Every structure is written in structure tokens, then in C-alpha cells.
Amino acid sequence: MGKITFVFSGQGAQHVGMGKDFYEGNASVRALFDAAEAKRAGTLAQMFEGDEAELRKTENTQPCLYLADLAPAIVLKEMGVCAEGVAGFSLGEMPALAFSGALSPIDGFELTVRRGEIMGEAASTQNAAMVAAVKLDNEVVEEVCREFTAVYPVNYNCHGQLVVSGEKDQITEFSAKIKERGGMALPLKVSGGFHSPFMDEAAKKFASVLENTTFSAPTVAIYANRTGKQYGEDIVSVLREQMNHPVLWENTIKQMAADGFDIFIETGVGNVLTKLITKILPGARVYTADSMEACEKIAKEVLQNA
């Protein structure tokens, strides 16, 4: 069997109803979700029966998506699918840290609640948005960004897909210029200009929270958005720069492949990362674990080939 990694979905993948299948079908997931609900009342209602607009608010999205991301990873582990490495896209790095053993699941939840509050507060004071520029080389998108004072390349997803953060009025003009170049600019379901200088003050606030957080040595390899490589011993120094610096996702996946990982299982919501990894590594075995049924099928196939 090849080396397995779990990759955890990021903000923008959320939808009402996420995680309910796992909550109803697995006792360990239910215990974690109930413990999280005790820490932050109303979380499960936002996940299972809220409205999309409320869920899209960063302070709600992040704790809810954290739980939805962890759920299939917990289920797969109980089914005998053992990940030797993990990575998460933006917010997904929080459940990845928890699954790696760097934090307990409930401590990770509480840290994610603070992260969401801090980023949500920052987003509410800014007139910023994010769009995915597609069908163009990264260099072309970077060149267009340089034509503006407040538009930044932030998420390096894969070749031909680069997300930017920017001031909303400038994003409108940026999108028009991308179209002129032969590309498209697709709005993202997020409420701020993340992974850019728009988050500088938020990053400072979160750094103070991190300084008072105790991390353990991970039990599986965990890769960082900030560097595209494995975390070193000092988790805080890397994580405190995550929210206001680009997500180097393509570099991360290529580094994992170079380190021998060839089975990638997206745990969480939807299949955005599955699609990106397929583009980055056409020969990799890639799975989407977004339901109990999907986890059962993945476990059967992966373990049969062990």
C-alpha cells in the first residue's frame, strides 16, 4: 500500500447540513461534536439547520468546518485507514494540526473559534473579497495584480488557478482585466480578504493567542501552508504567519509526493481539494471522504490493496 495522507477542506466549501451524516453514524464523532457544542452553543444548529448566509460568516464558518473536516478523518482512522501525513487548506490546517496530535480535538476547536472570531472581526471592518483567477498562468495573474494597489495573489492552488484577495472595487476592475487576458475570475464564498495584508492586524492578535497555546509533537507528518513543507519543532512561528501570507498548496502537494505520499484522501466537505490534487498530480490516487458511505468505500478499496 502507498503512503496515505488526509487533506482537510478550507473555507468556502461549507454548506448547511455538513457533518450531520457523521454525527448520526459514529459515536466518536458525536462525542466530539457534543463537546464542541458545550464549548460554543449553537454550533450544531449552524452546521445542520442554519442558513447559508449565517454559515458564511467567518466566525461561524471556521468552527463549523473544523468539526466537519475532522469527522471523516476520525471515521476512516477507526476503519483502519491510517494516514502517515496530513495537510489542510487554510482553515483546514487547524483540523490537520488536531489530527496530527499537535492539539487535542477539543483544544483545536477552541483555538479555531478564536481564529474565526479574530478573522471575522477583521473582515467586518474591511471592504475586501476573494476571487479565483483561472485559465491563466500564475505569472500573468501576478502581473495583473501589480496593476493595483490593494489586490494580492494569495492561494496558489494549482497551475492555472490562483486566488487573489483585494479591495472590492479593485477586484471588480481586476476581474475585468483577467477576462481581457482570456481568463475568468470566480467569486469565492468567503467574507474577507484572507491570506493578504488585509489580515495583518488579525495575525498579530492570533499570534498572542498562539503564544498561550501548548502544542505537542505531532505523531504524523504535517505540512504547512506557509512553507509548503513539513512543520519543524516550532509550530507557533509558522502558524502565526499563516493567515496573512499566501497558501502554497501546489508546492505542498508536490512536496508530499516527493516525500512518498501517493494516496490522498480529502476529508471534510466537497471535493475541491480532490480536483486540485488531480490536476497537480495526475497519477495520484485521490478520494473524497464526504459521507459515511464514501468512507466505507474508501476503506474497503484502500485496505484491499494493502
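1. Residues are numbered from 1 along each chain as its sequence is written, and side-chain values use heavy atoms, with hydrogens and water left out. In this predicted model, local features need pLDDT of at least 70 and side-chain atom pairs count only at pLDDT 80 or more, while totals for chains, interfaces and linings use all residues.

2. Helix α5 covers residues 58–78, where a helix is a DSSP run of H or I with at least four residues, a strand is a run of E with at least two, and both are numbered from the N terminus. At 1.5 Å a residue its 21 residues should span 30 Å, which agrees with the 31 Å between its end C-alpha atoms; the expected span is 1.5 Å times one less than the number of residues.

3. Of the 21 residues in α5, 18 are buried, that is, under 20% relative accessible area with a 1.4 Å probe and protein chains only. Just after this helix, Gly80 takes a positive phi of about 100°.

4. The second largest pocket holds about 180 Å³ of space. A pocket is an open set of points on a 1 Å grid over the protein atoms alone, where a 1.4 Å probe fits, with protein on both sides within 12 Å along at least five of seven lines, and lining residues have an atom within 4 Å of a point. Helix α5 gives the most to this lining, with four residues, and the residues that line the pocket include Leu70, Ile74, Lys77 and Glu78.

5. The largest pocket is lined by 32 residues, and Gln11, Asn157, Gln161, Leu188 and Val272 lie nearest its centre. The largest share of its lining, five residues, comes from α13.

Notes
Buried < 20%, exposed > 50% of the residue type's maximum accessible area, 1.4 Å probe, protein only. Points joined across faces, edges and corners; volume = space filled by probe spheres on them.
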